Amino acid sequence: MSRSDRFHSPSASPGSPTVLIAEAQASGDIVDSDPDRVAMAVLATLQGLAVLITTGMSGGRPVGPLASGTIETLVDGLRPR
């Protein structure tokens, strides 16, 4: 794997989001789905939240509760049913 591939691969290192998600799946903490797919969904949600906050599109909501509420909702949605 080239340096460029490692840089762009979400599963390139032991502490990567994909590896952490796979570990959470193995322990039964979150749903059993493609770890890369879950990692991209988490990334897209958090990136979108960051954009909403930094561009002032969060409707004046306090950042702390907005961020924690978004993360809580995301985690709740990933829990096994």
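Predicted model: local features only at pLDDT ≥ 70, side-chain atom pairs only at ≥ 80, totals over all residues.
A residue counts as buried when its relative accessible area is under 20%, as exposed when over 50%, and as partly exposed in between, using a 1.4 Å probe and protein chains only. Residues are numbered from 1 along each chain as its sequence is written, and side-chain values use heavy atoms, with hydrogens and water left out.

**Overall layout**
- The protein chain has four helices and zero strands, where helices (H or I, at least four residues) and strands (E, at least two) are DSSP runs numbered from the N terminus.
- About 5,700 Å² of the protein chain is accessible surface, and 61% of that belongs to carbon and sulfur atoms; such areas come from the Shrake-Rupley method with a 1.4 Å probe, and for residues only the protein chains shown count as cover.

**The helix α2**
- T18, I21, A24 and Q25 are the buried residues of α2.
- Viewed down the axis of α2, its buried residues fall within an arc of 120°, so they line one face of the helix; the arc is taken from the directions from the helix axis to the C-beta atoms.
- α3 is included in what covers the buried residues of α2.
- Just after α2 comes G28, with a positive phi of about 85°.

**The nonpolar core**
- I21, A24, I30, V38, A39 and L78 make up the largest nonpolar core, a core being a set of buried Ala, Val, Leu, Ile, Met, Phe, Trp, Tyr and Cys residues joined through side-chain atoms within 4.5 Å.
- At least two residues of this core come from each of α2 (17–26) and α3 (35–54).
- Setting aside neighbours within four places in sequence, L78 is in contact with D29, I30, V31, V38 and V42, contact meaning heavy atoms within 4.5 Å.

**The largest pocket**
- A pocket is an open set of points on a 1 Å grid over the protein atoms alone, where a 1.4 Å probe fits, with protein on both sides within 12 Å along at least five of seven lines; lining residues have an atom within 4 Å of a point.
- Residues lining the largest pocket include P17, L20, D29, V42, L74 and V75.
- The lining draws at least two residues from each of α2, α3 and α4 (63–78), and α2 gives the largest share, four residues.
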